[in-house]
Amino acid sequence: MPLGTPSYLIYLAVFAVAAAGCLVGAWRAYRQVSLPGVRRGLVGLLMASGLWALCHVGVLLSPGIGLKAILYEVGLIVGFGTVWAWLWLCSSYSGRALHRRAGVRWAALIAFAAVTLTKLTNRWHGLYFSAEISAGPFPHLAVDHHVIYWITAGLSYALAAVGFFMLVEPLRRAQVGEKRLAGLFGLTALPLGANAIGYATPYLVDLSHEPVGVAAFALGAFALKRGQLEEASRAGREERPSLVLSADGRIRNYNQAAAELLPALREGTPQEGTPKEGTPQEEKTLQEKEIAGRHLEEALPRLARALEKEKANGEKMNGEITNGEGSGQEALSEDALSEDALNGKMLGEGMPDEETLEVAGAGGEARYYRPVESQAGRGAGRLVVLQDVTERELRRRERASRLEAISDSMPGLAFEFRAGPGGKRSVEFIGEEAEAFLGFSQEPENSHRRFPYSRLVEHVPEGHREEFRQSVDSAVEGRSSWQHEFPFDRPGGKRIWLFGSSEPSAESGLEGEEVVFWGTLADITGRKRREQELKESRRELRKEKRRAESITENVSDGIYRSTEKGIVYANSAFIEMFGYRDLEELREAGSEALYVDPSRREELIEKEHRDGRLRQEEVRYRRKDGTVFVGLLSSQQVEGEEEGKTYFDGAITDITERKEREEALREAKEEAERSRKEAEEARREAEKAKEEAEEARQEAEEASRLKSALLANMSHEIRTPLTSIIGFAEMVGSEASELELPESPLPRYASVIEQSGKRLLETLNGVLNLSKLQAGQMEMEAGPTCLPEQARLAAEELRPEAEEKGIGLELETGGGPDATAKADIVANADEGGVQIVLRNLLSNAIKYTDEGEVTVRTYQDENGQSENGQSENVQSENGLAAVLEVEDTGIGMDPEVAEGLFEPFRQASEGLSREYEGTGIGLAVTREAVAQMGGSIEVETQKGQGTCMTVRLPLAGETEAA
């Protein structure tokens, strides 16, 4: 080692000091920098540069060329790594997300690995560098760089330049210390000149001097005030007006947008002799120092007051959200403090009780800003961002004025409920009667009658509170209408019942959408009292009904309840059907033992999970003694009382005999086919008779048409006087009721006349509709018709009849067994004809259902195929059919009887002793209307199990539906 050579000792000392400076700077950055991305990038840059400098020290100290070359090669690898650490630092410091993108990281890793591979394999290909010992100015490693080195160097300098360009924007925006920081970052580029001198002249050794520049950057950072480096980053990366405050509230930095918005930042504090805009650079620097060191309350008192009130509102709201677990800021861990969190994680649309700062705009108009603060992390101070909420504030003021003006004419108490990002919620009541209605006393500063959502919830009794919260949460999450009845305890102790109803609307904010509900609260205490009295009177009736009910033991079908693990319950018929002694023995055998093909069970479970139910599935079962029978399985998936528990409730009907009859029928058909040829001659002889019968049929159809035309023309002559009879009967009944005649039968007679007239009018309407349809006098104009909407209208019209009978009337629009079901089913049909079909089917379903429910479904299905696989003549351009389905849980009927239901004046029960009223023409009218609209109708029924009517209509094309 040439220890007597001064230049050698200088080089050795410079790189040793650079290594020490970089490593010490990395330790200090790890301890003091709080921005996670900046900390990682800065520590990585300093550590890699320190190791690079140590490699140079090793090259200078190593005795032989082999070890020198190895250390030089390691230094090249580490040096190329400093490029990526530099880019990470620049991306994070400027507020960009390049360093967090997986694609960018993978690209950097691949590039680093490829370059490293070329360096490690240099001894074989020699395309990176070659080395030898040079004697002057001291014995050192002289390196001759080849083509791959210059390509890598060009890439490195280009990437480093990209990093410098990323730093320009935040340093330009920051208003305090930006020039010192720009010069500090510029130190990292100075060694490029030394590299050029060493390469082109003998005055410096041809080595990479970048670690020296990074060490100068680290030493320069030591001279900055603590936190000044990242404060400039936080202020400069924000486009919105922003200020960085210390923990004790002093202004540490601010960006250009804040200086343009707030004159005090642009012109200095309001003190005599303060420099104005346009002062020389030395005075401007002094002005920045004066502003930067002052308390926010002293320099910007209005902003300080607004921020303090906003902070108080935020703490109150956070306490409500976390239920006492601390605010969202306190709950943030260091790993969660990403740049997104530090650049406005809490900046959202805001709440109606937020504090705003009014500032004069460029044109003199009033602008409103909301100061929002986020905590940066350990020792990093506070970032205050001024969010422009002018448009929302003006809308809110206009809306509040308009709502208050019309609230006096609205029933109940009008309110506005807001659900913002992060679970923020508040309620504002409209009108002067809010305090008297709820019993709240208005606080002096609460001029808008705003109350925290938590305060309203506190007055909902404990037993109803969770249900109330869930109804609100469901409406907010689904952005759907909210309707809920709930008790409310006034502060004075009086309990009232309220009915709330509101409609949602969405407003956009910086962080996301805010859901706003406008609605009313109505006092329904009197109604609830009457309902409670009615409930008590019905409770005794239900007790008697439960005693008289016979559950499943009196039916012949096998009824069961099961889970995926096995059978939970089975009635006696089910146990006997499979030949077991009791339920315990059936459970021990296991569900798989009941199936001839166990995989069929898995298939049925999967289908039931997917569709929620099974309908009329034919399954081959095995009894205990090994015999096989065919069962018809229907089941439904239901939620149990336990949370997350799911059951399958179903019934099995033994159809083995029916299947045997079907097999015998098939054999008979084959025999008939063999006999067909023998009957061919007889067919020819019958051809003539058929022609004669056709002529007779045409004559009969003509007579039927003339009959229908006559009835259609008679409609006015019968309907008009009948309407008068009904109207006068209603008037007589009303007048008789008002006279309050004691024990007079007159009201009852009038009611009998009215009901009989209505029944006769319904019969006449049915006959006339059928006649008009058959005579071709009722025009069916096909056009786009929304089946869900028509189903809803018909259901609403007939819902009172269903409620009077105590049965449910449900709508399932968009559902159905086919995977192509959609919410909007538009048929190419006549709206009047669809209403005729819906009213007739719903009236029959309600009439013949004593308990359970009636369900209306609309969906689209593959054109031309019904559920039982039969072909349907439903034509539509897109190959699909619009399906309308009415299903009830009523008395049902034998399938044989159902075949004649669509004939006029036919009923399932006929004669003078029939149980249900009616003429039997409703379904005939329905079939005729469906046929004239180009559709088809079918019935699926089982006595005692209900009936399902399915109507298929042509589906409107996309152009027509639009």
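These legends go with a set of close-up views of a predicted model.

**View 1**
Is H2 enclosed or open? With 20 of its 26 residues buried, H2 is largely enclosed by the rest of the structure.

**View 2**
Strand E20 (residues 808-813) pairs with E22 in the parallel sense, over six bridges. To find your way around that pairing, look for Leu809, which stands opposite Val854 in E22. Strand E23 (residues 880-888) is another partner, running antiparallel to E22 and joined to E22 by nine bridges. A handy landmark for this pairing is Thr858, which sits opposite Leu884 in E23.

**View 1. The salt bridge between Glu592 and Arg601.**
Side chains of opposite charge can pair when their charged atoms come close. A search of the whole structure turns up 39 salt bridges, and Glu592 with Arg601 makes one, at 3.5 Å from N to O. Glu592, at 44% relative accessibility, counts as partly exposed.

Arg610 is exposed, with a relative accessible area of 55%. Asp611 is partly exposed, and its relative accessible area is 36%.

**View 2. Arg658 and Glu618, a salt bridge from helix to strand.**
The side chains of Arg658 and Glu618 meet in a salt bridge, 3.6 Å from N to O. Why does this pair tie together parts that are 40 residues apart in sequence? Because Arg658 lies in helix H25 (residues 656-676), while Glu618 belongs to strand E16 (residues 613-622). Arg658 is partly exposed at 32% relative accessible area, and Glu618 is partly exposed too, at 35%.

**View 3. A salt-bridge network.**
Which residues do salt bridges with shared partners join into one network? They're Arg615, Glu812, Arg857, Glu885, Glu887 and Glu940.

Definitions and conventions
Residues numbered from 1 in each chain as written. Predicted model: local features only at pLDDT ≥ 70, side-chain atom pairs only at ≥ 80, totals over all residues. Heavy atoms only, no water. Buried < 20%, exposed > 50% of the residue type's maximum accessible area, 1.4 Å probe, protein only. Helix = DSSP H or I, 4+ residues; strand = E, 2+ residues; numbered from the N terminus. Pairing = 2+ DSSP bridges. Salt bridge = Lys/Arg side-chain N within 4 Å of Asp/Glu carboxyl O.
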